[in-house]
Amino acid sequence: MSAPKQVATGDRAILPEGAKTIPIFVMGKRYEVPETLTIMKAMEYAGFKFLRGAGCRGGICGACPTVYRKEGDYKLYFGLACQTVVEPNMYLAQIPFYPANRAVYDIEKIEPLADAVHALYPELFRCVACNNCTKACPMKVEVLDYISAIKQGDLARAARLSFDCIQCGLCASRCMGELPQYHIAQLVRRLYGKYIQPRAEHLQKRVTEIESGKYDAMLTELQKMGHSELEKLYKEREREPDMVPLGTWMPKDVSRL
Ligand code: FES
């Protein structure tokens, strides 16, 4: 095997003293990268520039699904490039955005019933319960369980089970039945949030206050302030002490509440 190529990509090539590097393979080519980097940072260190496939870099947006193999292991592993730390001799490839079927609907016109979800996504019943979807999920969502809950008509359970989904599409990429699990779960959460979940009374009260113009004068006053005045107001604001029991603290000045 040829000696690892030393890459130079601006200051990313300057390692902290004592930093250890490991070999990884990106699309079959070997690179030496610091062992502490995530896949995303390691690929950038190696000279790749992410024009697509990167977003929040914080494990939230689902833009960076990655498949990889480990040395001497035939299995495919799955992860988010921005969250998964490199391992020696990893073989890496990013999947492109996954073009799974997405039903077209108007949320205002759908009843919050399982039948409505079944009608929009009949492929639900092609699920063979292989559980590849769950194994592929980098967020440890119980994908098969929420699909089963939808089939059984329990939308509330499906919404709860899928809450951590970040729409990366890895589940769908592994599905023998060609289910777009993440899109189905998103529809269920929308229905749950709009029609099933009890309304928060305090939120509704605040929305009514905003709509009635209660805060208009205050906002106009704030908009007239300069940067330093706003900064002073912000820094000097009363702040809730740490660890105060829930619902027991109120600021002395309640004029802006
Ligand atoms: S870049 Fe957003 S989840 Fe990785």
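I'll go from the domains to one helix pair, and then to a few single residues.

Ground rules first. This is a predicted model: local features need pLDDT of at least 70, side-chain atom pairs count only at pLDDT 80 or more, and totals for chains, interfaces and linings use all residues. Numbering starts from 1 along each chain as its sequence is written.

Domains. The protein splits into domain 1 (10–94) and domain 2 (107–196). Those bounds come from an automatic or database domain assignment. Taken over C-alpha atoms, the two centres are 30 Å apart. Domain 1 puts 7 residues into the contact, and domain 2 puts in 7 residues. Contact here is between two residues whose C-beta atoms, placed from the backbone, lie within 7 Å. On the domain 1 side, strand S4 (residues 77–80) gives the most, with 3 residues. That side divides into 5 nonpolar, 2 polar and no charged. For those classes, Ala, Val, Leu, Ile, Met, Phe, Trp, Tyr, Cys and Pro count as nonpolar, Asp, Glu, Lys and Arg as charged, and the others, Gly among them, as polar. Helices (H or I, at least four residues) and strands (E, at least two) are DSSP runs, numbered from the N terminus.

Now helix H7, residues 181–196. Its buried residues are Gln181, Tyr182, Ile184, Ala185, Leu187, Val188 and Leu191. Buried means 20 or more other C-beta atoms within 10 Å of the residue's own, exposed means 12 or fewer, and partly exposed is in between, with C-beta atoms placed from the backbone. What do the buried residues of H7 pack against? Helix H2 (114–120), helix H3 (132–136), helix H4 (143–151), helix H5 (155–161) and helix H6 (170–173).

Take H4 from that list. Its buried residues are Val143, Leu144, Tyr146, Ile147, Ala149 and Ile150. They pack against H2, H3, H5, H6 and H7.

How do H4 and H7 cross? Their axes come within 11 Å, at roughly 55°. Axes are lines fitted to C-alpha atoms, for helices over the stretch in contact, and angles run from 0 to 180 degrees between N-to-C directions. So the pair is oblique. The scale is this: under 35 degrees is roughly parallel, over 145 roughly antiparallel, 65 to 115 roughly perpendicular, and the rest oblique. From H4, Val143, Tyr146, Ile147 and Ile150 meet Gln181, Ile184, Ala185 and Val188 in H7. Those contact residues divide into 7 nonpolar, 1 polar and no charged.

Single residues next. Aspartate 145 sits in H4. Is it buried or partly exposed? Partly exposed, because 16 other C-beta atoms lie within 10 Å. Its C-alpha is 9.1 Å from that of serine 162, 17 residues apart along the chain.

Leucine 120 is in H2. Leucine 120 has 18 C-beta neighbours inside 10 Å, so it counts as partly exposed. Leaving aside neighbours within four places in sequence, leucine 120 contacts Ala103, Tyr105 and Leu187.

Last, backbone angles. Most residues other than glycine have a negative phi. Lysine 140, in the loop between H3 and H4, has a positive phi of about 60°. Glutamate 178, in the loop between H6 and H7, has a positive phi of about 55°. Lysine 140 is exposed, with 8 other C-beta atoms within 10 Å. Glutamate 178 is exposed too, with 11. Just after H4, glycine 153 takes a positive phi of about 90°.
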